[in-house]
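My notes follow in the order I took them.

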Amino acid sequence: MPNFALSDEVFFRAADAFPTPFHLYDENGIRKTIRDVKAAFSWAPSYREYFAVKALPNPQILKIFAEEGCGLDCSSQCELLLAQRCGVRGDAIMFSANAMPPSEYDLARSLGAVINLDDLSDAPLLEKHGGIPELISVRFNPGGEFRGGTAIMGNPGESKYGMTRDQLREALLYCRARGTKRFGLHAFLSSNSTVESYYPSLASLLFQTGKALEKETGLVFDFVNLSGGVGIPYRPEEKANDILAIGEGVRKAYLEAFGTIREDGVKLCSEMGRFMTGPQGWLLTRVVHEKQIYRDYLGVDACASCLMRPAMYGAYHHIHIAGKRNAPCDHLYDVTGCLCENNDKFAVNRMLPKTEIGDLAVIHDTGAHGLAMGYQYNGRLRCAEVLYTANDGFRLIRRAETPEDYFATLV
Ligand SMILES: *Cc1c(COP(=O)(O)O)cnc(C)c1O
């Protein structure tokens with residue numbers, strides 16, 4: 001079930017204060033999610049969530065994470081610069097990039113970030129660009145299918161990330177010869193997982209692999225990074241992940257691997273993006289057009305440049321019409337944007353209440369991988385972002401683009 005924590009009155013007030021379209025983010029909801037996650041893993045030594053910046057790269061949001069004691073997971077130069085500008089540095093930054101310009105290692109090292117090596121070839125690259133650190137993380141790709149019980153949770157054999165088991169050892173030995181003393185182990189094997197056993201199964205794999213690598217190399221295992229992938233209920237019939245149950249599952253895997261939980265034991269971290277902010281964002285867009293041909297089309301003032309997931313993945317985003325929550329959904333519509341691309345549809349064959357031009361449509365779950373994936377195709381510009389603050393106010397945290405922005409890069 002998507003998030004209905006905010007009343008339509010809040011959406012109407014926001015749309016009175018700012019021109020549509022814009023994404024609205026709920027500060028209280030984000031803070032509560034962070035606290036729930038921290039509570040779920042409070043048993044773990046030095047647990048820290050490193051929010052995946054790519055999910056919602058807005059400094060005002062990143063500052064909320066920093067205030068709540070989270071780190072940031074970055075994977076590009078600009079994401080590192082965002083972290084720096086938010087005053088986040090040192091081991092509060094995790095840097096996990098692949099096939100990136102080597103100069104990004106220089107920047108990551110100058111900020112003191114924890115580097116997560118994606119490939120064996122990255123080790124000599126890092127040596128030249130910033131140097132091999134005392135603590136290093138390596139990214140594991142176990143290949144094949146990733147199963148937990150009977151469920152297939154992911155397909156790492158087809159994923160470009162991480163190293164094989166043998167390469168992990170080789171990378172660690174390379175780094176040890178150049179000063180590395182402790183290591184972390186990372187893997188990301190499933191995206192938007194709604195299976196609560198995903199994190200526990202992954203944790204188990206990483207704990208066991210780490211222990212074996214310790215034996216083989218003599219290096220000391222410092223942390224396990226469960227990365228992202230914890231999913232959210234985009235569809236009304238889907239159930240939200242119970243983060244407490246997930247934390248408990250990981251605790252069991254920890255006990256199984258290490259026998260006890262001690263303050264100086266293997267640390268735990270995560271890099272969730274979608275789970276942290278996805279349900280805490282809504283795209284507010286006005287119905288500006290209706291067209292009845294072979295289907296009934298509602299044209300809204302947002303388009304895929306503000307939210308690409310439906311166009312790109314055919315992803316479902318729940319939509320409700322503000323003020324009509326309890327009206328019967330007895331009309332069949334496609335809800336479309338204005339791009340000259342027939343996949344620019346926020347909903348296809350969706351039952352909604354009878355909708356009029358001027359109605360405010362609320363598109364749910366846009367708080368992660370929403371505006372962040374926006375683009376400027378067709379000369380359509382990216383929209384604004386507004387924070388619904390903890391004290392019931394609204395703050396513009398990113399203005400909408402203007403034609404000047406569109407022309408700014410042209411020579
Ligand atoms: C994208 C990404 C994440 C976050 O993934 P979610 O599915 O949003 O939780 C975490 N870590 C890395 C390295 C990523 O690339």
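I count two strands as paired if DSSP finds at least two bridges between them. Helices (H or I, at least four residues) and strands (E, at least two) are DSSP runs, numbered from the N terminus. The model is predicted: local features need pLDDT of at least 70, side-chain atom pairs count only at pLDDT 80 or more, and totals for chains, interfaces and linings use all residues. Residues are numbered from 1 along each chain as its sequence is written, and side-chain values use heavy atoms, with hydrogens and water left out.

**Entry 1: the barrel**

I started with strand β10 (residues 220-225) and strand β11 (residues 267-270). They pair in the parallel sense over 3 bridges. I found asparagine 225 opposite cysteine 269 in β11. Both strands belong to a closed barrel of 8 strands, in the order β2-β3-β4-β5-β6-β9-β10-β11, with parallel pairing. From one strand to the next, the twist averages 25 degrees.

Helix α8 lies across β9 (182-186), β10 and β11, and runs at about 165 degrees to β10. Angles here run from 0 to 180 degrees between N-to-C directions; axes are lines fitted to C-alpha atoms, for helices over the stretch in contact.

How do α8 (residues 198-217) and α9 (residues 243-258) pack, and at what angle? The angle is about 25 degrees, with the axes 8 Å apart. The two helices are therefore roughly parallel to each other (under 35 degrees; over 145 is roughly antiparallel, 65 to 115 roughly perpendicular, the rest oblique). I then listed the contact residues, where contact means heavy atoms within 4.5 Å. α8 brings Tyr199, Pro200, Ala203, Ser204, Phe207, Gln208 and Lys211, while α9 brings Ile246, Gly249, Val250, Ala253, Tyr254, Ala257 and Phe258. I sorted them by class: 10 nonpolar, 3 polar and 1 charged. Nonpolar covers Ala, Val, Leu, Ile, Met, Phe, Trp, Tyr, Cys and Pro; charged covers Asp, Glu, Lys and Arg; the others, Gly among them, are polar.

**Entry 2: β13**

I looked up burial next. Buried means under 20% relative accessible area, exposed over 50%, partly exposed in between (1.4 Å probe, protein chains only). In strand β13 (residues 296-300), 5 of the 5 residues are buried, so the strand is largely enclosed by the rest of the structure. Asp296, Leu298 and Val300 are on one side, Tyr297 and Gly299 on the other.

Which strands pair with β13? A hairpin of 3 residues joins β12 to β13, and histidine 289 has glycine 299 as its bridge partner. Strand β15 (residues 331-336) runs parallel to β13, joined by 3 bridges. There, leucine 298 stands opposite valine 335.

**Entry 3: single residues**

I noted a cis peptide bond from threonine 20 to proline 21, with omega near -5 degrees. Proline 21 sits in the loop between α1 (8-17) and β1 (22-26).

I also noted positive phi in residues other than glycine. Asparagine 349 has phi near 50 degrees and is in strand β16 (residues 345-352). Aspartate 365 has phi near 60 degrees and is in the loop between β17 (360-363) and β18 (384-388). Are these two buried or partly exposed? Asparagine 349 is partly exposed at 40%, while aspartate 365 is buried at 1%.

Last, I checked alanine 311 in helix α11 (residues 309-313). Alanine 311 is buried, at 16% relative accessibility. Asparagine 343 is 32 residues away from it in sequence but 5.0 Å away in space, C-alpha to C-alpha.
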